[in-house]
Amino acid sequence: MKPMPFDYARATDVPDALAALADAEAGVRVMAGGQSLVPMLNLRLATFPRVVDISKVAELRERGETADAVTLGACVTHGEIEDGEAPEPAAGLMRHVASGIAYRAVRNRGTIGGSASLADASADWVTTLLALGARFVIRGPDGEREVAAPDMFLAPYFTAMTDQELLVRIVVPKTSRDATWGYYKVTRRSGEYGLTIGAVILDPARDRASVVLGAASRTPLACTATAAALRGAPRWTDALEAALRVAVAEDLARGDRPFEPHEAIMVETTILRAATQALGVS
Amino acid sequence: MSLTSAPPALAAVTAPRPGCIGDRVLRNEDGRFLAGHGEYLADLDVPGTREIAFLRSPVAHARIRAIAIPEGAEGRVFLLKDLGDIHPVRAVLTSPGFRGSDYPALAADTVRFVGEPIAICLGATRAEAEDLAQEIVVDFDELPPVVEIEQALDPASPSLHGWPDNICFVSTPGGGDLDAAAKAAAVTVSREFRMARQCVVSLEGRGVMAWWDRRLQELVVYSSTQQPHVIRTVLAKLIGVPEHQLRVVAPDVGGGFGVKNNLQQEEVAIAALARRLKFPIRWTEDRREHLIASPQAREHRVRLTAHADAQGRILGLEAEAVVNAGAYSIWPWSAAMEANMVAGILTGPYAIEAYRGRGVTVVSNKAPLGPYRGVGRPSACFTLERLVDEIARAVGREPHAVRIDNMVRPEQMPYRTVTGKLFDSGDYAESVRQAAAMIDVPAVRARQTRENGKGPRFIGLGFASYTEQTAHGTDEWIARGLTEVFGYETATVRFTPDGKLIIEAAIQNHGQGLETTLAQVAAEELGVDPADVVVRHGDTAVSPYGMGTFASRSMVMAGGAVGRASRQLAEKVKRIAAHLLQVKPDEVTLAGNCAVAGARSVPLKSVTDAAFLHPENLPAGEEPCLDETTTFQPLSGTGAFAYATHAVVVAVDTGTGLVEILEYAVAHDCGTMVNPMIVEGQVQGGVAQGIGNALLEESPYDSGGQPLASTFADYLVPGAPEVPTVRIAHLETPSPFTAYGIKGMGEGGAIAAPAAILNAVNDALRPLGVELNETPITPKRILTALHDARTERAR
């Protein structure tokens with residue numbers, strides 16, 4: 001489990017990184033925290049002649065906030081988010097999610113931008129950023145463009161970015177102060193990727209509800225029917241639960257494949273438990 | 001009863017003295033391990049070493065048409081033909097009907113499993129060696145693979161080894177009148193059980209390093225092995241180097257659990273190649289190789305039928321155990337070890353007088369099967385103990401009560417089982433009573449009534465009991481048909497002139513605490529401080545011949561040998577001390593690093609000074625020096641039987657299929673405990689592995705014979721959050737057959753956990769109409785069963 005030989009270069013700034021990516025034939029791969037890329041290289045599942053390390057690029061480590069949104073540089077680590085060293089847009093949701101990613105050793109190096117760029121459908125950030133309605137700022141040879149979350153994750157390990165582009169920052173809209181959330185991840189053991197992930201954000205002040213099912217299909221599934229059933233619901237009732245079960249089934253029917261019976265049970269549980277958390281049901 | 005040697009004079013210890021047998025002594029070896037100062041195979045720093053990557057088969061079954069080695073790779077790539085005149089491994093049983101097969105060190109004509117080694121590639125680094133391996137092109141003529149048990153049993157499947165079919169061996173243990181038992185029975189209960197194939201997952205993988213020592217004219221083989229002497233013996237035969245020119249060393253070994261208790265093909269290939277090279281070569285197994293190509297474990301299908309009376313008392317038992325042993329027979333255990341063992345011990349701790357067993361070993365295009373903590377016992381315990389729960393339900397009684405009624409009783413000891421094992425001592429039913437008391441059965445039942453059915457979480461209670469045959473003696477290995485008989489162990493105990501003690505033992509310590517517990521045995525006899533005793537082991541150059549550490553044998557066997565040698569040495573120490581003190585030898589006792597006679601005493605240092613440096617101070621006729629070498633064999637050729645009952649409370653989440661372990665209690669008896677703290681660690685660690693067996697670990701293959709779990713992302717082992725603290729009660733019935741009454745116990749924790757946990761999960765889900773008889777019980781299996789039961793009810 002040792003990688004093929006490859007050239008390694010550390011980018012000093014974003015233009016430097018983009019210059020390295022400019023030659024489409026060169027097979028250059030960007031490395032941020034390396035928590036997915038390095039194992040793939042070691043297993044020789046991926047071979048790249050050249051790896052460009054962007055983890056020290058100052059611009060990519062920046063974070064900031066406005067009245068409406070939080071901005072996170074692509075190389076902000078899970079650990080920094082977990083530790084509150086980045087602004088929180090969603091009443092603690094992002095800190096909570098960060099604290100549950102793999103193990104602390106992984107969180108110390110792994111980055112939010114690396115996770116979004118890899119677009120593993122089981123990754124926590126892919127689901128969470130979709131639920132939060134994040135926007136992805138991408139820079140390439142033709143300048144900068146912004147991609148909304150629903151347009152970002154196209155297929156497993158496949159995003160809206162070209163190989164010449166780099167994700168530079170993520171803009172996460174702030175929820176209102178009274179927003180609540182639920183996040184439920186089923187793992188077979190602590191620290192593993194989720195078998196299913198349910199993310200629910202309820203923001204009554206903005207009349208907004210967002211529900212995303214992650215890890216269960218090729219890309220995260222926006223559960224719009226479930227969100228509609230939850231929008232404005234004041235509290236958990238038997239009637240609400242019944243309505244949610246119907247809505248979940250409706251959402252799952254729009255998935256990219258039919259769910260096996262055991263998956264359907266787990267997925268329904270995941271979404272309903274995230275919803276109960278968001279509604280403050282213990 | 002068969003007695004293989006004179007009764008040992010080493011009686012059970014009733015009141016532990018500080019540092020001696022029974023004391024909770026801190027481990028001598030922990031200093032270097034906790035500081036990261038252990039020296040494992042990958043840590044060895046020998047100038048000029050080149051690293052090895054094995055080219056391994058990417059296909060499950062194929063003929064090799066051609067192997068194209070890249071130009072310029074001469075001297076860096078080696079095939080079987082480059083290793084000289086070496087023999088293939090042929091691991092057979094002497095039992096009539098056993099079908100043998102050859103396992104070449106490197107595949108030359110045919111590959112039979114994904115991961116089988118084909119070529120050795122050398123590089124200055126492992127990465128370079130892997131680059132080279134990637135450049136070799138093998139032209140395979142693929143053959144249809146035989147993957148699962150049912151395929152292997154099908155006579156129409158292709159034969160792997162040129163036999164009429166793929167059945168390697170069938171054993172038929174049993175006795176008593178089963179037909180009468182069936183006729184007399186009030187209930188008959190049958191089930192089919194499956195235990196998945198597992199990987200062993202020692203923390204340190206396997207590894208081998210070898211070079212020719214020009215000064216000593218010997219081949220030096222370092223291997224991460226549990227049994228260096230035995231490996232030397234078999235390597236010598238296979239590669240044609242005489243044993244006195246072959247040294248095998250096991251450095252610090254980071255866990256074995258059985259996977260390093262075999263001759264490994266890599267050992268043969270590397271030793272043979274090193275003899276022909278002028279520089280050292282080393283292979284360090286990586287995790288991917290470990291999960292794919294190391295000997296794997298389990299993969300059993302057991303069909304079991306019990307005939308019982310109206311109280312659930314088992315009158316007769318009928319079993320068929322089929323084990324998928326993979327592509328090759330592993331030396332020395334053979335492919336048939338698992339199936340033979342399961343079929344041979346299926347009556348468990350119970351007094352079952354009629355039994356008809358059938359153990360079937362089949363071969364397939366999967367990695368070969370080897371021993372793993374518990375060997376056949378986790379599966380035997382799982383199937384029998386699951387069935388006991390179903391018998392209890394069939395007669396409407398609490399499962400633990402049915403267990404108590406079936407147990408061999410203390411007054412029946414020693415008890416000869418229907419398959420010929422001799423249970424030595426103990427109160428088996430008492431372990432059930434103590435486990436039931438610790439887990440508080442009425443409280444759990446009340447909680448179930450209160451909570452189950454109120455939400456998605458269902459509470460369940462499970463028990464499992466077992467006996468663990470340990471320290472198997474000569475009779476056992478002969479009965480099993482092994483070509484070598486591992487019936488004894490050896491130790492040398494020697495003082496140094498400055499009064500310190502060295503123990504040289506042929507066992508190998510890879511986590512068992514033997515550098516401490518053997519010192520405690522010496523302290524018992526010689527009055528030395530165990531912290532000051534050096535235990536040297538794992539090296540054919542530093543100890544007399546012996547068998548190694550496996551089968552829960554080392555404390556009994558090596559402990560017995562150290563005890564006997566120390567007792568003999570103590571007699572001489574007392575004679576010399578008596579001479580120095582001017583008293584009679586029988587007035588002398590040894591304690592606190594001194595020889596004491598009433599108010600007078602002399603430090604051991606003075607005794608050793610006389611023995612080694614001042615023969616003029618020795619009594620007349622006494623020979624100089626102070627060392628003894630002895631062997632030990634247990635009195636019973638089938639060893640000493642430890643036993644235990646595990647009790648566990650689980651919560652099953654019917655929404656996710658996840659199982660949480662709420663309480664875990666173990667009541668066990670391993671006879672005299674040398675160091676209760678180490679015993680407790682062994683129980684806890686074994687339970688952790690049993691939890692993996694029950695809930696997480698599985699090495700599935702696809703229909704083409706490709707292993708699907710090749711990294712830790714796919715092969716899940718329990719971590720600290722998944723393992724509860726186990727509450728442990730010690731029963732302590734000394735074995736009449738061993739030194740000090742010690743029974744082995746290293747595997748026990750792993751034996752009962754799958755059975756107990758499956759019983760608990762089934763207890764929880766019974767109201768929902770679910771029964772699960774397959775390990776591991778994954779969320780998928782639980783939720784699918786729940787779905788099926790729901791569909792069934794709706795019909």
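Which side chains meet in a salt bridge at 3.3 Å, N to O? They are B:E192 and B:R194. A salt bridge here is a side-chain nitrogen of Lys or Arg within 4 Å of a carboxyl oxygen of Asp or Glu. Side chains of opposite charge can pair when their charged atoms come close.

This is a predicted model, in which local features need pLDDT of at least 70, side-chain atom pairs count only at pLDDT 80 or more, and totals for chains, interfaces and linings use all residues. Residues are numbered from 1 along each chain as its sequence is written, chains are lettered from A and ligands numbered from 1 in the order in which they are written, and side-chain values use heavy atoms, with hydrogens and water left out.

**Salt bridges**

The structure holds 87 salt bridges over all chains.

| Pair | Closest N to O distance |
|---|---|
| B:E747 and B:R377 | 2.5 Å |

B:E747 and B:R377 sit 370 residues apart. B:E747 is in the loop between strand 29 (727-731) and helix 18 (748-765) of chain B, while B:R377 is in helix 9 (residues 377-395). Helices (H or I, at least four residues) and strands (E, at least two) are DSSP runs, numbered from the N terminus. Both B:E747 and B:R377 are buried. Buried means under 20% relative accessible area, exposed over 50%, and partly exposed in between (1.4 Å probe, protein chains only). A:E82 counts as buried because its relative accessible area is 17%. A:R107 is buried too, at 9%. B:E192 is partly exposed at 32%, and so is B:R194 at 26%.

**Where the chains meet**

In the interface, 32 residues of chain B are in contact (heavy atoms within 4.5 Å) with 21 residues of chain A. Together the two chains bury about 2200 Å², with 59% of it on carbon and sulfur atoms. Buried area is the accessible area (1.4 Å probe) that two parts lose on being put together, summed over both. Three salt bridges run between chain B and chain A. B:D131 and A:R44 meet in a salt bridge at 2.8 Å, N to O. Helix 19 of chain B supplies six residues, the largest share of the side of chain B that touches chain A.

**One buried threonine**

B:T654 lies in the loop between strand 27 (640-653) and strand 28 (659-669) of chain B. B:T654 counts as buried because its relative accessibility is 12%. Its side chain reaches the backbone oxygen of B:P456 at 2.7 Å. Among the residues that B:T654 touches are A:I265 and B:F458.

Definitions and conventions:
A polar contact is a pair of N or O atoms within 3.5 Å; within protein, one must be able to donate a hydrogen and the other to accept it, and residues adjacent in sequence count only if both atoms are side-chain atoms. Lists of a residue's contacts leave out its neighbours within four places in sequence.
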